[in-house]
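Work through the exercises below with the sequence and the structure side by side. Try each task before reading its solution.

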Amino acid sequence: MEIQSNFSLKKHNTFGIEASAKRFVAVHSIDELKTILEENKNEKKFILGGGSNMLLTKDIDALVIHIDLKGKKITKEDDDFVWVESQAGEVWHDFVLWTIENNFGGLENMSLIPGNVGTTPVQNIGAYGTEIKDTFVSCEAINIATQEMRTFNNTECNFGYRESIFKHEVKDQYIITSVIFKLTKRNHKINTSYGDILAELAKNNISEPTLKDVSNAVIAIRQSKLPDPKELGNSGSFFKNPILLKSDFEKIHQKFPEMKFYEVSDTEVKVPAGWLIEQSGFKGKRFGDAGVHKNQALVLVNYGNATGQEILAVSKEVQKTVFEIFGIHIEAEVNVI
């Protein structure tokens with residue numbers, strides 16, 4: 001393990017922001033991770049996964065530990081289900097494709113989400129009607145201070161909409177090293193009800209979709225709306241869809257009857273942040289090298305040499321304008337560093 005000084009993080013964040021780490025090391029095993037944590041006990045640390053859910057607004061004055069643990073295996077199975085363990089450094093989309101190739105169901109709607117497996121429980125990532133919590137069994141994590149391993153089960157993770165225990169109660173205390181998912185081997189629950197999946201399947205004359213068909217539909221939809229981070233720096237959806245109390249929403253809806261919404265409970269409504277941003281006039285708008293994507297207003301982009309501060313300024317302007325027009329606050333989904 002070589003610790004490097006003043007290490008460029010440009011290739012380690014999907015926004016493609018030029019920022020540097022005071023010190024940087026990649027770890028490829030639990031033993032290496034324990035050694036680094038033990039030997040650098042008193043040094044400030046920054047844990048880096050796939051770099052897909054963060055906006056770097058400055059250099060990192062810390063030891064950046066890149067979690068590059070690889071491997072996946074079946075830990076248990078019966079006639080109906082399989083329990084699959086993936087190491088934290090596996091690329092999420094590659095892992096999803098592997099499960100589909102093996103006819104394991106449950107993750108197909110989350111195809112093409114950027115990032116690594118280890119960070120998926122932190123955000124409780126989700127797409128097209130499914131979330132990590134639906135198939136998540138448990139994760140192994142190492143305590144940064146003591147190097148002790150701990151297992152967090154589904155209930156202990158306190159999953160919510162883009163929320164988990166790792167963003168609150170135990171934030172910055174643990175590093176997730178592996179995750180176990182319970183997936184179907186037969187009688188798959190094919191979920192095509194959300195977004196444009198049905199329309200995409202119909203376009204291809206598919207009436208009884210397989211896991212692969214659903215995955216392909218999701219990939220096609222995402223590629224039509226979302227830019228490839230390798231070609232245009234971005235971090236996927238920058239904002240969360242706001243969830244409002246029905247009583248508050250109804251007052252706003254009277255003023256804006258065309259506003260789209262989804263009921264999430266008897267008392268709450270979710271409003272698409274992309275719709276709010278588009279209606280506020282930001283879709284496709286560019287501010288130097290920072291801007292809002294032309295096909296999906298939820299996505300902020302780096303056209304080449306934008307700084308993190310410039311992209312952050314755009315996000316704040318979007319939030320301010322949406323609030324002024326609709327009286328709705330939209331929160332960033334991306335972690336601003």
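A polar contact is a pair of N or O atoms within 3.5 Å; within protein, one must be able to donate a hydrogen and the other to accept it, and residues adjacent in sequence count only if both atoms are side-chain atoms. This is a predicted model, where local features need pLDDT of at least 70, side-chain atom pairs count only at pLDDT 80 or more, and totals for chains, interfaces and linings use all residues. Residues are numbered from 1 along each chain as its sequence is written, and side-chain values use heavy atoms, with hydrogens and water left out.

**Exercise 1. Find the annotated residues.**

Task: Which residues does the UniProt annotation "active site" cover?

Solution. Step one: read the record. The unreviewed UniProt entry marks R162, S237 and E333 as "active site". UniProt positions are given in the numbering used here, feature names are shortened, and annotations may be inferred rather than shown by experiment.

Step two: check the spacing. The three span 172 residues in sequence, yet no two of their C-alpha atoms are more than 11.5 Å apart, so they gather at one spot.

**Exercise 2. Describe R162 and S237.**

Task: Place R162 in the fold, then do likewise for S237.

Solution. Step one: locate R162. It is in the loop between strand 11 (149-153) and strand 12 (174-184). Helices (H or I, at least four residues) and strands (E, at least two) are DSSP runs, numbered from the N terminus.

Step two: judge its exposure. Buried means under 20% relative accessible area, exposed over 50%, partly exposed in between (1.4 Å probe, protein chains only). R162 has 10% relative accessibility, so it counts as buried.

Step three: list contacts (heavy atoms within 4.5 Å). Leaving aside neighbours within four places in sequence, R162 touches residues including N124, E131, K240 and E333. Its side chain also reaches the backbone oxygen of N124 at 3.2 Å.

Step four: turn to S237. This residue is in the loop between strand 13 (233-234) and strand 14 (243-245). At 25% relative accessibility, S237 counts as partly exposed. Beyond neighbours within four places in sequence, S237 is in contact with L298, V299, E333 and V334.

**Exercise 3. Classify two aromatic pairs.**

Task: How many aromatic pairs are there? Describe F136 with F159, and F249 with F261.

Solution. Step one: apply the rule. Rings of Phe, Tyr and Trp (its six-membered ring) pair if their centres lie within 6.5 Å; planes under 30 degrees apart count as stacked, over 60 as edge-to-face and the rest as tilted. The count is 16 aromatic pairs.

Step two: take F136 and F159. They are edge-to-face, at 5.1 Å centre to centre and 85° between the planes. F136 lies in strand 10 (residues 136-143) and F159 in the loop between strand 11 and strand 12, so the pair ties together parts 23 residues apart in sequence. F136 is buried at 4%. F159 is buried at 16%.

Step three: take F249 and F261. This pair is tilted, with 4.9 Å between centres and 50° between the planes. F249 lies in helix 6 (residues 246-255) and F261 in the loop between helix 6 and strand 15 (262-263), so parts twelve residues apart in sequence are tied together. F249 is buried at 3% relative accessibility. F261 is partly exposed, with a relative accessible area of 35%.

**Exercise 4. Explore helix 2.**

Task: Why is helix 2 (residues 92-101) largely enclosed by the rest of the structure?

Solution. Step one: count. Seven of its ten residues are buried, so the rest of the structure largely encloses helix 2.

Step two: name them. The buried residues are W92, H93, F95, V96, W98, T99 and I100.

Step three: find the partners. These buried residues pack against strand 6 (72-77), strand 7, helix 3 (120-123), strand 12 and helix 5 (211-225).

Step four: look at the rings. W92, F95, W98, F104 and F181 form one aromatic cluster.
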